[in-house]
Amino acid sequence: MRAYTRDLVDFLHALGPKSLPAEVLDRARYFLVDYLAVAIRGSREESAQAVQRMVQRIGANGCATVIGTRMRTIPGLAAMANGASAHGIEQDDTHSGGSIHLGATMFSAALAVAETMPETPMDAFLTAVVAGYEAAARIAMAVQPKEHYALGFHPTPTCGVFGAAITSAKLLGLTAEQTLAAVGIAGSMAAGSMEFLAEGAWTKRIHPGLAAQNGIHAALLAAEGFSGPCHILEGRDGFLHGYSRNPIAERLTGDLGQSFEIMHTAVKPHACCRYMQGPIDAILAIMRQHKIEAAQIHRIEVAVLEAGWGIVAEPRAKKYNPESVVDAQFSMPFGAAIAAIEGAAGLDQFTLEKTQSPEVRELMGKVALVKDARIEETFPKEWPARVAVELDDSQRFEEFVRYPKGDPENPLTWDEMTVKFRTLAGAVVSAERCDEILEAISTAHPATLPALTAPGR
């Protein structure tokens, strides 16, 4: 049996800032901006504040910051709270090949651990995050997202915990053997159910936080000599065999070091499921280009990727009758209707009030969801979308989106990312504080790390 777990761990343990291309470190800074944007804004969500109250009730003293508050607690609890905030508005990054949200887990773990260290150079901090992205993305690709979803698992926490363990181990300075143990321990912490979809529950929102917390704890246990299985990924009873009906173990180490998965990670401009981003882009383009009013629409046909069908298209009764914000964020009919009516699909559109709007409800009834073999050909390397809008006068306009906005091939520029940050974080902190955070990220001085999570003004 090939030792895939050890090969992956040994490579990531040896990874240092000097072995990373400058563009990879720059991309890690870019995702740090994205993470702080969603975490700061997400800290005001009801779900995030419930987690914050739980942390406050425990009253654990510590030095790790709970973003958006003046609370400090132990690293695991801070990481859990911050991960819940970062994932709470559905605008955090997504790795295409693994269908996994990486930043909400890795940065939550990294910032919490870094605050316990005397000084962590920015490049070392970013390298630890890159390593975590690499581990989690490769493991998610190895179990295959479609196969993983079919068993009811959510890749973000199940695969993310391994990445968080790697990130934490690197920041804590663990040896290669200790890091291998941390990954082995993390395998018994890999959990996360998709059942939240059945009733719009909040559990998905806490998944990155739980993965970050567990990854930190796995690394801390390994640091104290606790052992874990060395073949946790490929072993007979290991993660790949338990969490997928058709795993591809070779994806764990194939072309390792030739490129980095952080470079294949996308950001979200719209506040909803990743499987809805491309279709919404297409609808917005059609509406703008042809100057269409929502009242003119007879039918909207949306081709949905098969991997996302059970997430945003079924069960039909639920998707056409969203009863909560979570329901709306995972309803392609709602996303299509709201984009056509309002010309946007941000936090202001995904609200409980909008789900009850008669205008939105009427247009949702005109949304037809279909499968299309043409958009499956390049998935998951690409997440294409096809939409057709038919008007009452029989005019028909079709749009094909190969790369949704935010994909690496169609990215938000640094300027657009800065606008996203100021829009989201600026709803919580002052413009001056936004400037301070952006400045801190642009410098390499280790003293800037704590400044990223400080409450500010």
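How many nonpolar, polar and charged residues does the lining of the largest cavity have? By class, that lining has 7 nonpolar, 5 polar and 4 charged residues. Here Ala, Val, Leu, Ile, Met, Phe, Trp, Tyr, Cys and Pro count as nonpolar, Asp, Glu, Lys and Arg as charged, and the others, Gly among them, as polar.

Before you select anything, note that this is a predicted model: local features need pLDDT of at least 70, side-chain atom pairs count only at pLDDT 80 or more, and totals for chains, interfaces and linings use all residues. Residues are numbered from 1 along each chain as its sequence is written, and side-chain values use heavy atoms, with hydrogens and water left out.

**Stop 1: the largest cavity**

A search of the whole structure finds 4 cavities of 30 Å³ or more. A cavity is a set of points, on a 1 Å grid over the protein atoms alone, where a 1.4 Å probe fits but cannot get out; lining residues have an atom within 4 Å of a point. Points are joined across faces, edges and corners, and a volume is the space filled by probe spheres set on them. The largest cavity has a volume of about 120 Å³. Select His-101, Tyr-149, His-154, Lys-204 and Cys-273: of the 16 lining residues, these are the closest to its centre.

**Stop 2: the second largest cavity**

This one holds about 60 Å³ of space. Start from helix 12 (residues 274-289), which gives the most to the lining, with 5 residues. Helices (H or I, at least four residues) and strands (E, at least two) are DSSP runs, numbered from the N terminus. By class, the lining has 9 nonpolar, 2 polar and 1 charged residues.

**Stop 3: backbone exceptions**

Most residues other than glycine have a negative phi, and most peptide bonds are trans.

- Glu-314 and Pro-315: a cis peptide bond joins them, with omega about 0°. Pro-315 is in the loop between helix 13 (306-313) and helix 14 (316-319).
- Phe-379 to Pro-380: this peptide bond is also cis, with omega near 10°. Find Pro-380 in the loop between strand 6 (367-370) and strand 7 (385-391).
- Lys-291: phi is positive, near 50°. The residue lies in the loop between helix 12 and strand 5 (297-303).
- Ser-394: phi is positive, about 80°. Its loop runs between strand 7 and strand 8 (396-401).

Are Lys-291 and Ser-394 buried or exposed? Lys-291 is exposed, with a relative accessible area of 69%. Ser-394 is exposed at 64%. Buried means under 20% relative accessible area, exposed over 50%, partly exposed in between (1.4 Å probe, protein chains only).

Terms used:
1 Å grid on protein atoms, 1.4 Å probe; cavity = no way out; pocket = protein on both sides within 12 Å on 5 of 7 lines; lining within 4 Å.
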